[in-house]
Amino acid sequence: MAIKSFQGIRSKEENKKKYNAPILVEDYMTNKLITFSPEQSILEVMETFAKHHISGGPVVDNNGFLVGIISEADCMKQISESRYFNQPILDKSVERFMTKNVETIPHDMSIFDAAGVFDRHNRRRLPVMKNDILVGQISRKDIVIAALKLTSHSWK
């Protein structure tokens with residue numbers, strides 16, 4: 001007895017539907033960043049965090065190149081040390097407390113690959129680079145929002 005195929009006629013490659021949903025980091029990143037300079041006081045940074053309801057941001061030099069990232073966790077170190085040593089927090093600069101070895105991701109990375117980077121590393125946000133220039137920042141929350149927007153698409 002012969003076996004029949006119930007799959008039907010297969011479509012040719014050129015007739016296949018192209019997946020064109022926005023899945024790149026650049027489609028979901030924040031590109032209007034609040035940046036900090038290495039010379040800024042840590043107190044000024046904390047005030048900016050509170051004013052803009054953010055928990056961190058990139059640190060750039062006078063030429064606009066990324067030199068670090070400062071976060072609330074970095075500020076907590078300063079608060080803790082100032083109490084322990086009974087020193088004011090006014091005169092400490094960002095450069096002293098920022099994370100200097102910053103992991104970045106490219107603008108054209110897929111959100112799925114970016115989710116993997118967040119999964120492997122304990123980061124809340126990652127600077128996004130294009131040709132070694134800071135073009136934005138993406139957070140874990142941005143990745144979650146992107147995934148929610150893609151639920152109506154096929155994730156092939």
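A pocket, as I use the word here, is an open set of grid points where a 1.4 Å probe fits, with protein on both sides within 12 Å along at least five of seven lines. I note at the outset that the model is predicted.

**Entry 1. The largest pocket**

I looked up the largest pocket and found a volume of about 330 Å³. I then listed its lining, which comprises 16 residues; Ile54, Gly56, Arg125, Gln137 and Ser139 are the closest to the pocket centre. The elements that contribute two or more residues to this lining are β1 (56-60), β5 and α6 (140-149). Sorted by class, the lining holds four nonpolar, six polar and six charged residues.

**Entry 2. The chain overall**

I counted the secondary structure next and recorded six helices and five strands. The order along the sequence is α-α-β-β-α-α-β-α-β-β-α. Of the 156 residues in the protein chain, 35% are buried. I also checked the contacts with a separation of 6 or more: 58% of them involve residues 24 or more positions apart.

**Entry 3. The three-stranded sheet**

I traced an open sheet of three strands, ordered β3-β4-β5, and noted that its pairing is mixed.

I took the two pairings in turn. β3 and β4 are parallel, with two bridges between them, and isoleucine 105 has valine 128 in β4 as its bridge partner. Strands β4 (residues 125-130) and β5 run antiparallel and are joined by six bridges. Within this second pairing, proline 127 is bridged to glutamine 137 in β5, and arginine 125 stands opposite serine 139 in β5.

Strand β5 (residues 133-139) is mostly covered, with five of its seven residues buried.

**Entry 4. Helix α5 against the sheet**

I asked which residues of helix α5 (residues 111-120) are buried. They are Ile111, Ala114, Gly116, Val117 and Phe118. These buried residues pack against α1, β3, β4, β5 and α6, a list that includes each strand of the sheet in the order β3-β4-β5.

**Entry 5. The aromatic pair**

I searched for aromatic pairs and found one in the structure. The ring centres of phenylalanine 36 and phenylalanine 49 are 5.6 Å apart and the ring planes stand at 90°, so I recorded the pair as edge-to-face; the cut-off for that class is over 60 degrees. Phenylalanine 36 belongs to the loop between α1 (25-28) and α2 (42-52), whereas phenylalanine 49 belongs to helix α2, so the pair ties together parts 13 residues apart in sequence. Both phenylalanines are buried.

I located serine 71 in strand β2 (residues 66-71). Its relative accessible area is 15%, and serine 71 is therefore buried, the limit being under 20%. Setting aside neighbours within four places in sequence, I listed Phe49, Ser55, Gly56 and Arg125 as its contacts.

I placed glutamine 78 in helix α3 (residues 72-84). Glutamine 78 is buried, at 1% relative accessibility. I noted a C-alpha to C-alpha distance of 8.3 Å between glutamine 78 and lysine 92, which are 14 residues apart in sequence.

**Entry 6. Positive phi angles**

I asked where histidine 53 lies, and found it in the loop between α2 and β1. Histidine 53 is not a glycine, yet its phi is positive, at about 55°. Its relative accessibility is 71%, and histidine 53 counts as exposed.

I then turned to asparagine 131, in the loop between β4 and β5. Asparagine 131 has a positive phi near 55° in the hairpin of these strands, where two residues separate β4 from β5. Is asparagine 131 buried or exposed? Asparagine 131 is exposed, at a relative accessible area of 67%.

Definitions and conventions. Residues numbered from 1 in each chain as written. Predicted model: local features only at pLDDT ≥ 70, side-chain atom pairs only at ≥ 80, totals over all residues. Heavy atoms only, no water. Buried < 20%, exposed > 50% of the residue type's maximum accessible area, 1.4 Å probe, protein only. Helix = DSSP H or I, 4+ residues; strand = E, 2+ residues; numbered from the N terminus. Pairing = 2+ DSSP bridges. Phe/Tyr/Trp six-rings, centres within 6.5 Å; stacked < 30°, edge-to-face > 60°. 1 Å grid on protein atoms, 1.4 Å probe; cavity = no way out; pocket = protein on both sides within 12 Å on 5 of 7 lines; lining within 4 Å. Points joined across faces, edges and corners; volume = space filled by probe spheres on them. Nonpolar A, V, L, I, M, F, W, Y, C, P; charged D, E, K, R; others polar. Contact = heavy atoms within 4.5 Å.
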